[in-house]
Amino acid sequence: HTVAHAIGAPTTVGLCAPGIASPDGRHIDWMPGRLPGLEGLDWSTRLGATVRVLNDAQAALRAEVWVGAAKGRSDVTLLTLGTGVGGATLSGGKLLRGHLGRAGHWGHISLNHMGPRDIVNTPGSLEDAIGNATLEKRSGGRWMDTAALVRAYCTGDEAAAVVWLDSIRALAAGIASIGNAVDPELILIGGGIVQAGDALFGPLRGFLDTFE
């Protein structure tokens, strides 16, 4: 409160959130199935300032290119692994948005045309294969969150290994597909699931080697 009083109320705010941002950048146009109340929320009215809203993965990628792991690169894809799978792509130095702003939502590419449909109606999506939101279903109710699954995997639980390694193999297939689709110089992986560390990246490297 003291700082805010000293510098005055902000006149412009940058904000990132999941979902597809509206063309005018005032709100999130579309975020089905999660975070009720987010769609259509006019942040400028709520905060009393001019607010520019950007998809969270797109904002994260811009930060990585600005000061992070992809600093100075012009062809980069980011995957964020958490509740779902977010993503963004920079191509030729420009952030891909597409006609409706959906470009770069790599979590919703299809890995299995016969698989169950995800929250945007994509069958067998990458998001459903590794996102935390579907783990309970994928594991037959045995694990509720990815951190618990990884702990079980690291202690040698065979059932955990089946679920976890299947998820990572799907991730590797998705990464290989993205490489063919947009040919990035670098693919970054972020989000809460990367806290698995070597339990994620060790098997992931092995699967990617088989797909080269």
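Where pLDDT is low, the predicted coordinates should not be read in detail.

Two notes apply to the rest of the tour. This is a predicted model, in which local features need pLDDT of at least 70 and side-chain atom pairs count only at pLDDT 80 or more, while totals for chains, interfaces and linings use all residues. Residues are numbered from 1 along each chain as its sequence is written, and side-chain values use heavy atoms, with hydrogens and water left out.

Next, select the cysteines Cys-16 and Cys-154. Cys-16 is partly exposed at 43% relative accessible area, and Cys-154 is exposed at 54%. Here buried means under 20% relative accessible area, exposed over 50%, and partly exposed in between (1.4 Å probe, protein chains only). The count of disulfides (pairs of cysteine sulfur atoms within 2.5 Å) is 0.

How many salt bridges does the structure hold? There are 3, each a side-chain nitrogen of Lys or Arg within 4 Å of a carboxyl oxygen of Asp or Glu. Visit them in turn.

Select Asp-42 and Arg-26, whose closest N and O atoms are 2.7 Å apart in a salt bridge. Asp-42 lies in the loop between β3 (28-30) and α2 (43-47), and Arg-26 in the loop between β2 (20-21) and β3, 16 residues apart. Helices (H or I, at least four residues) and strands (E, at least two) are DSSP runs, numbered from the N terminus. Asp-42 is partly exposed at 23%, and Arg-26 is also partly exposed, at 34%.

Move to Arg-73 and Glu-185, which form a salt bridge at 3.4 Å, N to O. This pair links distant parts of the chain, 112 residues apart: Arg-73 is in the loop between α3 (56-67) and β5 (76-81), Glu-185 in the loop between α7 (158-182) and β8 (186-190). Arg-73 has a relative accessible area of 30%, which makes it partly exposed.

Finish at Arg-142 and Asp-157, a salt bridge with closest N and O atoms 2.8 Å apart. Arg-142 sits in the loop between α5 (135-138) and α6 (146-154), and Asp-157 in the loop between α6 and α7. Is Asp-157 buried or exposed? Asp-157 counts as buried, at 18% relative accessibility.
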